[in-house]
Amino acid sequence: MERKIRARLKYQMALPVFFLIICFIVSVSYAGEEGRLYVVGMGPAGPDLTAPRALAVIEKADVILCSPGMPKKFERFGKSIDPKKVAFNPWEGIYGKEAKKLKKTNYKKWLQQVENQTKKVQDFVLQQIKAGKTVVMMDGGDPCVYGPSLHRLLNGFDDKYFEVIPGMSAFNAASAALKRTMTGENTKFVMLTAPSSLFGDFYEKGDEILRDISKYETTMVFYMALSSIDKLVEKFKKYYPPKLPMAVVYYAGYSEKEQVLRSTLGTILDDLKKVDETWIGLLIIGECAK
Ligand SMILES: C[S@@+](CC[C@H](N)C(=O)[O-])C[C@H]1O[C@@H](n2cnc3c(N)ncnc32)[C@H](O)[C@@H]1O
């Protein structure tokens, strides 16, 4: 009888320990089920130029953050993004007509807006990751080349929470459209840049850098250059001859819309008047633009 009581007591004492062990195992395995953020490079045009790895991640995503135009772009290529997965437009207040106007008229206020939106997005993403969700943030082209997700939204966000899936940059599609090597025999380097990187957002910086670059045979690739092409041409005319080859590839990678315009420093302003597009175009300068 005494042995039976002792055994029951032992059993009763073991129960809470057993319970604690189970709780520990459950909490450890739950903690291991954290989600992940994927910053996905969508390529320069439609999903036919998006890497299969990127498409697979999009397929398994629980939550998608993308610009409002992205689902429409998918549709045009006979694919779809489940609208129920799209959380919100992460670029609200950062890009778009209104934001652009504000950036010009009240830069400080725009910066505050960017900061608020960045915080909103990062808090949301972290919450989703903690809940075990797979989150996809879509960037046009390659996220590491003037991709706004890494540049703006994920500024300061801990690397351990996300992966970047590379995409084809507009640069690759535009080079293919030109049918030229970007790294010709005499070319010393290929420079991927933007007017804002060389001269500041409002062309407020000096242009000595261009004088230095003009000493070398270079392939220069300008992103986001068309809306201020007149100011850019003015800078170039100080250091380069009028015959400097320049080309613009519009809608690179779009099978139905791609257009190549070959020109020179001396004639480009007149030539660009023929095309009514100031955003989706890459300016390429150097021998390869001939
Ligand atoms: C914010 S940057 C994004 C660049 C992008 N991450 C990439 O790797 O191509 C936007 C600029 O990229 C260029 N761009 C993007 N897609 C393009 C395309 N399909 N054809 C030509 N230029 C393009 C344009 O110069 C545009 O103003």
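**Notes on the ligand site and a few residues**

1. Let me begin with the ligand. Domain 1 (36–168) and domain 2 (171–289) each contribute at least three residues to the shell around the ligand. Please keep in mind throughout that this is a predicted model.

2. Which residues come nearest to the ligand? There are 18 residues around it, and Val145, Ser169, Ala170, Trp279 and Gly281 are the ones that come nearest. By residue class, the shell consists of 13 nonpolar residues, four polar ones and one charged one.

3. Several polar atoms are worth a look here. Val145 places a backbone N or O atom 2.7 Å from a nitrogen atom of the ligand. For Ser169 it is a polar side-chain atom, and this atom lies 2.7 Å from an oxygen atom of the ligand. Met224 again uses the backbone, with an N or O atom 3.0 Å from a ligand oxygen atom. On its own the ligand has 570 Å² of accessible area, of which the protein covers 92%.

4. Next, the aromatic rings. The whole structure holds 12 aromatic pairs. One of them joins Tyr107 and Phe202 edge-to-face, with 6.1 Å from centre to centre and 80° between the planes. Tyr107 belongs to helix α5 (residues 107–130), while Phe202 sits in the loop between α8 (195–199) and α9 (208–213), so this pair ties together parts that are 95 residues apart in sequence.

5. Staying with those rings, Tyr107, Trp110 and Phe202 are linked into a cluster by ring pairs.

6. The side chain of Asp207 is joined to that of Tyr239 by a polar contact of 2.8 Å.

7. Tyr203 is found in the loop between α8 and α9 as well. Its phi is positive, about 55°, although Tyr203 is not a glycine. As background, most residues other than glycine have a negative phi. Tyr203 counts as buried, with 13% relative accessibility.

8. Lys179 is a residue other than glycine, and its phi is near 60°. Lys179 lies in the loop between α7 and β5 (189–193), and at 70% relative accessibility it counts as exposed.

9. Helix α7 (residues 170–178) contains Ser175, which counts as buried at 10% relative accessibility. How far apart are Ser175 and Cys288 in sequence and in space? They are separated by 113 residues in sequence, and their C-alpha atoms are 8.6 Å apart.

10. My last point is about strand β4 (residues 162–165), where Val164 is found. Val164 is partly exposed, with a relative accessible area of 31%. Between Val164 and Leu150 the C-alpha to C-alpha distance is 9.3 Å, and the two are 14 residues apart in sequence.

Methods:
Residues are numbered from 1 along each chain as its sequence is written. Side-chain values use heavy atoms; hydrogens and water are left out. A residue is near a molecule or strand if one of its heavy atoms lies within 4 Å of it. A polar contact is a pair of N or O atoms within 3.5 Å; within protein, one must be able to donate a hydrogen and the other to accept it, and residues adjacent in sequence count only if both atoms are side-chain atoms. Accessible areas come from the Shrake-Rupley method with a 1.4 Å probe; for residues, only the protein chains shown count as cover. Ala, Val, Leu, Ile, Met, Phe, Trp, Tyr, Cys and Pro count as nonpolar, Asp, Glu, Lys and Arg as charged, and the others, Gly among them, as polar. Domain bounds come from an automatic or database domain assignment. Rings of Phe, Tyr and Trp (its six-membered ring) pair if their centres lie within 6.5 Å; planes under 30 degrees apart count as stacked, over 60 as edge-to-face and the rest as tilted. Helices (H or I, at least four residues) and strands (E, at least two) are DSSP runs, numbered from the N terminus. Buried means under 20% relative accessible area, exposed over 50%, partly exposed in between (1.4 Å probe, protein chains only).
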